[in-house]
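Here is a friendly walk through one protein model. Keep the sequence and the 3D view open beside you as you read.

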Amino acid sequence: MADKRMIIAMVLSVIFAGLGLVYLGDIKKGAICIALAIIFNILYYMVYPLFGIGAFIVWIYALYETYRQATGSSA
């Protein structure tokens, strides 16, 4: 059952940064990642394409945190 939970959380994080964290119950950290991803994506499309790097970094961080929390490992 834990493997299924981890797979669902990772798929949600791949779809959008922070959704996997919210699914795992870390609503505060998930909401922050979602907000940052939205802000960086808006800046990417409206202001300057270099902001896409920030969106990518937030997405990678959210994936890492989702994996870490789903497996129960501590860094």
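## The overall picture

Of the contacts in the protein chain with a separation of 6 or more, 46% are between residues 24 or more positions apart; contact here means heavy atoms within 4.5 Å. The model is a predicted one, in which local features need pLDDT of at least 70 and side-chain atom pairs count only at pLDDT 80 or more, while totals for chains, interfaces and linings use all residues. Residues are numbered from 1 along each chain as its sequence is written, and side-chain values use heavy atoms, with hydrogens and water left out.

The protein chain has four helices and zero strands, giving the pattern α-α-α-α when read along the sequence. Helices (H or I, at least four residues) and strands (E, at least two) are DSSP runs, numbered from the N terminus. The C-alpha trace spans about 45 × 20 × 20 Å along its principal axes. Of the 75 residues in the chain, 23% are buried. Buried means under 20% relative accessible area, exposed means over 50%, and partly exposed is in between, with a 1.4 Å probe and protein chains only.

## How helix 3 meets helix 4

Helix 3 (residues 27–46) packs against helix 4 (residues 52–71) at an angle of about 160 degrees, and their axes are 8 Å apart. Axes are lines fitted to C-alpha atoms, for helices over the stretch in contact, and angles run from 0 to 180 degrees between N-to-C directions. The two helices are therefore roughly antiparallel to each other, a label for angles over 145 degrees, with under 35 counting as roughly parallel, 65 to 115 as roughly perpendicular and the rest as oblique.

Which residues meet here? From helix 3 come Lys 29, Cys 33, Leu 36, Ala 37, Phe 40, Asn 41 and Tyr 44, and from helix 4 come Gly 52, Gly 54, Ala 55, Val 58, Tyr 61, Ala 62, Glu 65, Arg 68 and Gln 69. The residues of this contact divide into nine nonpolar, four polar and three charged. Ala, Val, Leu, Ile, Met, Phe, Trp, Tyr, Cys and Pro count as nonpolar, Asp, Glu, Lys and Arg as charged, and the others, Gly among them, as polar.

## A closer look at helix 4

The 20 residues of helix 4 should span 28 Å at 1.5 Å a residue, and its end C-alpha atoms are 29 Å apart, which agrees. The expected span is 1.5 Å times one less than the number of residues. After helix 4 comes Gly 72, with a positive phi near 80 degrees.

The buried residues of helix 4 are Gly 54, Ala 55, Val 58, Ala 62, Leu 63, Glu 65 and Thr 66. Thr 66 counts as buried because its relative accessibility is 0%. Not counting residues up to four places away in sequence, Thr 66 touches Ala 9, Met 10, Ser 13, Gly 20, Leu 21 and Leu 24. Ile 53, also found in helix 4, counts as partly exposed at 48% relative accessibility. Ile 53 and Phe 40 are 13 residues apart in sequence and 8.5 Å apart in space, C-alpha to C-alpha.

## Around the first loop

Ala 17 sits in the loop between helix 1 (2–15) and helix 2 (19–24). Is Ala 17 buried or exposed? At 3% relative accessibility, Ala 17 counts as buried. Leaving aside neighbours within four places in sequence, Ala 17 is in contact with Cys 33, Ile 34, Ala 37, Val 58, Trp 59 and Ala 62.

Ile 15 lies in helix 1 and counts as exposed, at 59% relative accessibility.
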